Amino acid sequence: NNYTYTTTSFNNPYTILTVSKNTGSSRFISSVNVNWLLGTWGGTKDVMHTDGWVTYPGTGIDANAYIWSSYGNSRATRFFKTGADITGNQTAGLSAPGPLSIGGWSTGSEKSPGDAAEIVLFKNVLNAARQNIVENYLAAKYGLTNANDLYAGDIAGNGECDLDVAGIGRESSGIHEQTRSGGLYLTNSAFPGFLQNNGDYLMVGRTSSGTSWETSDLTACASPAITRRLSRIWYFSKTDVGGNGGNVTLRFSFDDLGLGTPAAGTYHLISRAANSGSFTSIATGTVIGNGINFTINASSLGNGQYTLGYESETPRALTFSAPSAQYVTVPASASITSGSVATVEAWVNPSATQYDPTYNGILSVGPRSTCSNSLLLSMNSSLVPTMASWCADITNGTVPLTANVWNHLAEGLT
């Protein structure tokens with residue numbers, strides 16, 4: 001039987017949460033120098049001793065894994081099994097564990113074989129909301145039942161989003177307003193925030209997918225034209241006791257996700273109810289620093305899968321269809337005087353049919369009658385670019401533009 005211990009001493013106040021199983025019959029999670037044990041002893045489970053029996057007797061021991069948790073503050077000790085309070089006498093034993101031992105007691109007596117998957121210790125008493133959130137994190141991660149089950153994303157039908165389970169919540173003993181899960185930050189917003197009633201929770205967990213971009217499951221996103229989404233998916237579970245809604249802020253951190261700098265465009269919070277099918281947009285975000293923020297009323301957040309969608313910038317173009325009647329005058333534009341050195345650029349998408357054999361205007365500066373500051377950029381009926389400047393003869397390009405696609409045109413003045 002193996003035995004190990006900590007050199008750090010844990011005193012009152014404290015909270016301990018463990019996932020373990022005892023395949024023997026005596027102590028497994030105990031103390032180096034205090035008569036303290038959590039979970040199992042003497043062939044029984046569901047027991048706790050802290051220099052006095054907090055809960056005893058228990059039931060017959062078995063080799064299953066359980067979430068055992070407890071807190072103490074020198075006035076009371078409470079004991080929980082898979083989220084359910086099974087305290088017998090909260091003042092019978094008030095000692096903290098001191099240095100923690102695993103696999104036995106003291107220097108190795110009363111040893112038991114077993115497995116400790118995770119032990120979480122806090123040097124304070126967690127309020128009930130925080131304790132519930134941590135117990136849901138452990139239950140989802142290790143596939144265990146939990147009496148206060150607040151999270152539905154850890155089952156196959158909802159995508160097995162059982163990594164980095166976290167949440168915000170409120171109980172009469174306190175509130176937890178900020179959390180994060182694999183690059184997604186969740187905050188209860190300022191008034192009117194979501195956490196208005198005891199029992200309000202918004203839980204989130206993620207898949208094991210990486211943080212690349214992909215194009216699948218976006219067929220319902222034709223309007224708006226979301227062209228890609230994050231491969232990582234989060235599941236949201238909401239408990240809104242009073243049905244009040246209230247705002248929460250979501251932030252996708254590009255630093256945490258390893259995505260570099262956000263590209264120009266529009267970012268969407270997209271969702272779907274099940275583990276398959278197309279995502280739809282429910283909100284547009286704001287680029288703030290190296291991330292995307294969404295402030296959204298929780299009434300818009302149903303239980304389901306969520307991720308970040310991206311809509312690229314849409315080019316804004318003017319369409320001219322009449323041969324001569326359509327043009328745009330730019331007020332207070334910069335002047336180009338005779339002899340200037342400049343480059344004139346334009347993006348054009350010409351139709352195959354042009355109306356004038358020589359001058360189909362793209363850009364002109366100044367009246368033709370004033371040679372000192374006149375300029376005409378155009379194309380002929382064969383889509384070859386042409387330029388006339390300061391009343392000089394027209395200069396033809398050598399390569400025609402391509403009809404019905406975007407062409408970048410640049411001509412230099414020297």
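This is a predicted model: local features need pLDDT of at least 70, side-chain atom pairs count only at pLDDT 80 or more; totals for chains, interfaces and linings use all residues.

Me: What stands opposite threonine 187 in β21?

Reply: That's threonine 249. The strands are DSSP runs of E with at least two residues, helices are runs of H or I with at least four, and both are numbered from the N terminus. Residues are numbered from 1 along each chain as its sequence is written, and side-chain values use heavy atoms, with hydrogens and water left out.

Me: OK. How many bridges join β16 to β21?

Reply: Five, with β16 (residues 184–188) and β21 running antiparallel. Two strands pair here if DSSP finds at least two bridges between them.

Me: And which residue in β25 is the bridge partner of threonine 249?

Reply: Threonine 295. β21 and β25 (residues 291–297) are joined by seven bridges, again antiparallel.

Me: How many residues of β21 are buried?

Reply: Five of the seven in 247–253, so the strand is largely enclosed by the rest of the structure. Buried means under 20% relative accessible area, exposed means over 50%, and partly exposed is in between, using a 1.4 Å probe and protein chains only.

Me: Switching to sheets. What's the strand order in the open sheet of five strands?

Reply: β10-β9-β8-β2-β12, with antiparallel pairing. β10 (84–85) and β12 are the edge strands, each pairing on one side only.

Me: How many bridges join β2 to β12?

Reply: Eight, and the two strands run antiparallel. Threonine 18, for instance, has isoleucine 119 as its bridge partner in β12.

Me: Now cavities. How many of 30 Å³ or more are there?

Reply: One. A cavity is a set of points on a 1 Å grid over the protein atoms alone where a 1.4 Å probe fits but cannot get out; a pocket is an open set with protein on both sides within 12 Å along at least five of seven lines, and lining residues have an atom within 4 Å of a point. Grid points are joined across faces, edges and corners, and a volume is the space filled by probe spheres set on the points.

Me: Tell me about threonine 40, then. Buried or exposed?

Reply: Threonine 40 counts as buried because its relative accessibility is 6%. This residue is in strand β4.

Me: What does the side chain of threonine 40 make a polar contact with?

Reply: The side chain of asparagine 22, at 2.7 Å. The threonine 40 side chain also reaches the backbone oxygen of serine 26 at 3.1 Å. A polar contact is a pair of N or O atoms within 3.5 Å; within protein, one must be able to donate a hydrogen and the other to accept it, and residues adjacent in sequence count only if both atoms are side-chain atoms.

Me: And which residues does threonine 40 touch?

Reply: Leaving out residues up to four places away in sequence, Asn22, Ser26, Arg27, Phe28, Lys45, Val47 and Ile61. Contact means heavy atoms within 4.5 Å.

Me: What volume does the second largest pocket have?

Reply: About 300 Å³. Of its 16 lining residues, Val134, Tyr137, Val165, Ala166 and Thr179 are the closest to the centre. β12 (114–122), α1 (128–142), β13 (163–171) and β15 (178–181) each supply at least two residues of that lining.

Me: Last topic, backbone geometry. What kind of peptide bond joins asparagine 12 and proline 13?

Reply: A cis one, with omega about -5 degrees. Proline 13 lies in the loop between β1 (4–10) and β2. Tyrosine 56 and proline 57 are also joined by a cis peptide bond, with omega about 0 degrees.

Me: What's phi for leucine 383?

Reply: Near 70 degrees, a positive value in a residue other than glycine. Leucine 383 is in the loop between β29 (375–379) and β30 (385–389), and counts as buried at 6% relative accessibility. Glutamate 160 has a positive phi too, about 50 degrees, but counts as partly exposed at 37% relative accessibility.
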